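These are my notes on a structure I had not examined before. I wished to look up how its strands pair and what surrounds its ligand.

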Amino acid sequence: MSNTDRALSFYTDATFDREAWFRITAVDYHRLLEAVDFSALLDCGRPTTDVLDVGCGTGKFPALLQPRLSPRPQVSLSLLDPNPYCLEQTAARLRSPLRAAAQLAVTAETLDPSLLGAASLDVIWAIQSFYYIPPTALPSVIARLVGLLRPGGVLLVFLASEDSSYRRISDVGRLLYPEQPATPYTYAEPVAAAMAGCASGTFSRSSFSVEHVVRSDGDLEAYLSQNLLVPTPLSAWRAHPGAAAWLAGHRRGGEYVFPQVLQVLSLRADPQ
Ligand SMILES: C[S@@+](CC[C@H](N)C(=O)[O-])C[C@H]1O[C@@H](n2cnc3c(N)ncnc32)[C@H](O)[C@@H]1O
């Protein structure tokens, strides 16, 4: 099963524990909002800035961004996610100056650029969503997204590094499902290489570290399940000797702590 198929079946009200997930991971978004001046990024000198959110999920990022923005410019936000549940959730959370434009129930790999139009966007962001794009598809996905940017427009990808706990959780979690080999997620390093190799823009990157602190068994189960995109009882982790030892190594007092390294990758399309 591809990781996109896993995301399609996992993101539902029944399986995705939004509260628990963002209790633990909201720090990623707060740090991103400190690291990047989104007001400046979105100020393109026109009354409306055109943006595409690739892999919009349930709209956490725009909801945290919105209070930091001034009423002008308006931001016309097209949403792309293969999961219609995610499109609905994000569209329902948008508040001025963000307003929903196109809603595209496709993957980044299958996006038909004519749906948006060449050189029609000022900014494209992909927040924690490139994990699902196979490495072999990265050069064509990036070239296609850059082709949607106006001259000087920016593609911004936010993703964990290979040495982060996100990667370790999925590696260890696979021990619990030996009969179902999963495709590995894609982390920041190959995405950075593909963006740096794009001939029609200027690439830059920065990174920062955060800790995910988990304070209850219920949150731990939700956190690990979301990482795997498979609802998995905590008892299964604890019953597997390798997984249990790995989990125990992350215990600090009454909490579990998972270090993460997150990268901000940016590609500015060439000016005309
Ligand atoms: C980890 S969530 C992140 C969502 C949101 N950007 C956020 O930060 O809260 C990743 C999202 O990417 C979507 N996704 C899965 N496969 C994708 C693909 N091939 N192309 C684009 N988005 C994809 C999933 O449906 C999911 O909503």
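I took two strands as paired if DSSP finds at least two bridges between them. I also noted at the outset that the model is predicted.

Entry on β2 and β3. With that criterion I looked up β2 and strand β3 (residues 98-104), and I found that they pair in the parallel sense over five bridges. In β3, Leu-98 is the bridge partner of Val-75. I then followed the chain from β2 to β3: it crosses through helix α5 (residues 84-93), and this β-α-β crossover is right-handed.

Entry on β1 and β2. I next turned to strand β1 (residues 48-54), which runs parallel to β2 and is joined to it by seven bridges. Thr-49 has Val-75 in β2 as its bridge partner. Here the chain passes from β1 through α4 to β2, in a β-α-β crossover that I recorded as right-handed.

Entry on burial. Is β2 mostly covered or mostly open? I found strand β2 (residues 74-80) mostly covered, as five of its seven residues are buried.

Entry on the ligand. Which residues come nearest to the ligand? I listed Thr-4, Gly-55, Gly-57, Thr-107 and Tyr-132, out of the 21 residues around the ligand. I also looked up which helices contribute to this shell: α1 (3-10) and α4 (60-65) each supply at least two residues. Sorted by class, the shell holds eleven nonpolar, seven polar and three charged residues.

Technical notes: Residues are numbered from 1 along each chain as its sequence is written. This is a predicted model: local features need pLDDT of at least 70, side-chain atom pairs count only at pLDDT 80 or more; totals for chains, interfaces and linings use all residues. A residue is near a molecule or strand if its C-beta atom, placed from the backbone, lies within 6 Å of it. Helices (H or I, at least four residues) and strands (E, at least two) are DSSP runs, numbered from the N terminus. Ala, Val, Leu, Ile, Met, Phe, Trp, Tyr, Cys and Pro count as nonpolar, Asp, Glu, Lys and Arg as charged, and the others, Gly among them, as polar. A residue is buried if 20 or more other C-beta atoms lie within 10 Å of its own, exposed if 12 or fewer, and partly exposed in between; C-beta atoms are placed from the backbone. A crossover is right-handed if, with the strands pointing away from the viewer, the path from the first strand over the helix to the second runs clockwise.
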